[in-house]
Amino acid sequence: MSNNLSAPDPAELSSSVGSGSNNMGVELANERAQFLEMEEVNFTDNELVYHVRTALKSASSGDSESYDELIGVMHHRERLSPDEVAMLVTCLKALSGTVSCIDVVHHESLLSSIFGMSMWNYGPEVMDALVDLIISLAASSGKFVDSCLDMLIRNFVPPYSYLALLKQPRGLSRKDQVLSRVHSALESISHLVPLAPMRLLSLVIQRMPRQNDNETVMMTYVENMFKLESGSMGQLVGSTMLIAVVDRLLDLDLEIGWEDIVQDDSSKGIFEMELEDLEEDEEDLNDEGDELPGKHLSRNSLRGNVIAEKLDSLLVLTFEYLESCQGHGRLLEVFETLLHSFRITVLNAYKSKFAQFVMFYACALDPENCGVRFARMLVDIFVCHDHPPMTRMSAVAYLASYLSRGKFLSANYITTMLKRLVDWCLDYCNVQDGDVNPFAHRVFYAGCQAIMYVLCFRMTSIMSIPRLKSQLFLMPIETILKHKSDPLKVCLPSVVGEFLKQARAARLFTVTKTFIFDDILESELSRAFGGLERLDSFFPFDPCLLKKSDSFIRPNFIFWSMVKTTYDDDEDRDEDEEGSGDEDGEESVDGVGEDRRDRMATSFNEQDIDIEEFDYALNKMSITPKQSLMYKFGGGLEELVRMPSRIRPSTSPESL
């Protein structure tokens with residue numbers, strides 16, 4: 001047998017899988033009327049082992065009769081009787097003992113039949129015999145490694161005809177039987193063939209379902225990727241598995257496009273439209289929401305969108321996996337990989353709407369470590385001149401949205417992050433002497449807007465603690481905002497207006513200018529500094545529109561209606577402000593409070609106001625455009641609906 005034979009391509013050896021027919025079987029059917037039926041083959045076990053050896057050797061010399069009989073046994077796919085199962089098991093075991101006789105060229109039909117077998121179609125006895133054969137083949141020659149790995153990877157998911165059974169106990173039982181053997185075999189091969197894990201990586205990525213594939217197939221496949229990440233090969237393949245999953249999340253995310261963008265009411269500020277606690281299914285409505293039914297964005301716009309549903313399910317699967325990692329003490333290790341993936345993919349994907357919530361949820365699970373690490377990375381990117389301006393602007397937009405929305409972040413840590421932003425902006429002011437220039441100073445304007453945006457959400461909670469209030473009043477925010485570059489004129493008017501309103505009520509500094517754009521969504525200057533990517537209006541952690549995913553995010557999330565602004569209950573604030581802040585009452589580790597019930601989280605539902613007062617208050621407090629953006633999901637969704645400002649791209653043709 002020649003040692004110079006190259007390994008066959010795995011796809012060629014198994015191209016018939018899933019098509020309902022086997023090319024090898026068709027070829028043999030053309031050469032002969034039919035295979036020898038298994039009932040006609042009657043051997044004892046010992047005779048069959050000898051027969052298999054003889055058949056393999058005779059095929060190499062041109063005598064194919066016995067070899068064809070063997071293929072007939074291997075190729076039989078009908079419902080098997082107990083005798084037929086025993087025959088197949090014996091053949092597989094006999095082949096395991098004769099792998100040294102199997103030749104890539106002379107036994108191509110046999111190999112194609114073996115690699116085309118699906119364990120989902122057989123019982124445990126056949127599964128075990130088949131797995132032993134695959135392991136033996138992989139260990140016998142490097143020529144078979146890729147084909148063996150590919151065969152096992154294809155068994156990550158069942159044949160399409162079997163998908164419906166996965167919802168039944170019988171199907172779930174078969175799933176456990178198959179996948180436990182698949183992963184055991186992969187681990188065995190990795191021990192026997194040291195280079196196998198590296199080959200496994202590329203094959204798993206190649207076989208990963210695409211955006212348009214069946215949702216059950218995609219979910220089952222990703223489950224197996226997570227098994228690889230957490231298994232014995234995790235040190236070798238784990239990071240690649242996680243990065244690939246995040247990449248697929250982002251692919252799905254970017255498939256959901258915003259169409260027919262209309263900025264139809266520039267008089268509405270960006271604090272005006274927020275998803276809040278709406279549930280579309282009337283029978284599913286709960287007491288926690290329904291602030292203004294029919295007046296805000298509804299998840300109905302996503303209903304029926306197949307890509308959005310896949311993304312939602314895949315996000316939930318990822319959230320559950322992160323919970324599992326936390327339970328096993330591995331979350332911080334996994335988070336480092338997620339952080340790396342975020343930096344190289346998600347951070348600069350300006351149209352990403354949902355994939356970033358993987359980071360948010362990981363931080364919510366471990367605020368003291370993951371939560372702190374994420375914020376530090378973002379601020380480090382922003383202040384570092386080595387990064388491109390757009391990357392720095394994206395980083396500070398993420399930081400502002402994260403600090404504003406994370407219920408698990410303490411006022412103490414938020415103040416620390418704000419100080420870093422203020423310090424950088426002050427240093428910039430000290431070395432820059434230019435006038436208004438949205439392009440030249442765009443990173444500076446992004447930093448200023450981030451400071452104001454965070455304070456719109458957090459000013460009251462910071463000022464409720466005397467020590468933090470003192471720190472806030474010592475920050476040179478007024479000096480920065482009154483610089484010649486005039487950030488108050490360039491930043492998003494809706495953010496500026498809301499910030500100035502709260503700053504005035506809190507007596508943070510004296511506003512000497514008269515600003516007439518309190519309720520204007522944006523200006524020409526803000527559009528200019530935001531660029532084509534519209535980073536001036538990029539708020540990546542606005543409320544999650546995916547229903548199942550939102551159930552994980554919501555308990556850790558601050559909605560705008562939960563924010564108590566400095567101008568709320570103004571008549572009571574002066575008397576109660578000093579007593580409301582108990583500096584010793586805030587427990588924190590590394591700057592992050594363990595008390596996830598942020599002091600700012602006061603819902604309108606708790607206030608004794610009638611519905612007209614409620615409507616007026618919500619409009620005044622609102623942070624996202626009520627009618628500034630309309631979009632449609634492709635595929636027959638006719639109704640135009642409103643979209644949060646974080647994903648409102650530029651209306652210029654280039655950005656679309």
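In the predicted model, a salt bridge joins the side chains of Arg 420 and Asp 380, with an N to O distance of 2.9 Å. Because Arg 420 belongs to helix H18 (residues 411-431) and Asp 380 to helix H16, this pair ties together parts that are 40 residues apart in sequence. Both partners fall in the intermediate accessibility class: Arg 420 is partly exposed, at a relative accessible area of 32%, and Asp 380 is partly exposed at 38%.

Glu 336 is partly exposed, at 33% relative accessibility, and Arg 373 is partly exposed at 35%. A further salt bridge is formed by Glu 333 and Arg 330, whose closest N and O atoms are 3.6 Å apart. Here the two partners are classed apart, because Arg 330, at 18% relative accessibility, lies under the 20% limit for buried residues, whereas Glu 333, at 43%, counts as partly exposed.

Aromatic contacts were examined next. The count of aromatic pairs is 29. One aromatic cluster is formed by Phe 342, Phe 357, Phe 360, Phe 374, Tyr 398, Tyr 402, Phe 408, Phe 538, Phe 541, Phe 557 and Phe 559. A contact between a charge and a ring is found at Phe 439, where the charged end of Arg 442 sits over the ring, 4.0 Å from its centre.

Tyr 453 is located in helix H19 (residues 442-463). This tyrosine counts as buried, with a relative accessibility of 2%. The C-alpha atom of Tyr 453 is separated by 7.6 Å from that of Ser 404, although the two residues are 49 residues apart along the chain.

Cysteines were considered last. A disulfide is a covalent bond between the sulfur atoms of two cysteines. The count of disulfides in the model is zero. Among the cysteines, Cys 325 is buried at 2% relative accessibility, and Cys 544 is buried with a relative accessible area of 1%.

Definitions and conventions. Residues numbered from 1 in each chain as written. Predicted model: local features only at pLDDT ≥ 70, side-chain atom pairs only at ≥ 80, totals over all residues. Heavy atoms only, no water. Phe/Tyr/Trp six-rings, centres within 6.5 Å; stacked < 30°, edge-to-face > 60°. Lys NZ or Arg CZ within 6 Å of the ring centre and 35° of its normal. Disulfide = S-S within 2.5 Å. Buried < 20%, exposed > 50% of the residue type's maximum accessible area, 1.4 Å probe, protein only. Helix = DSSP H or I, 4+ residues; strand = E, 2+ residues; numbered from the N terminus. Salt bridge = Lys/Arg side-chain N within 4 Å of Asp/Glu carboxyl O.
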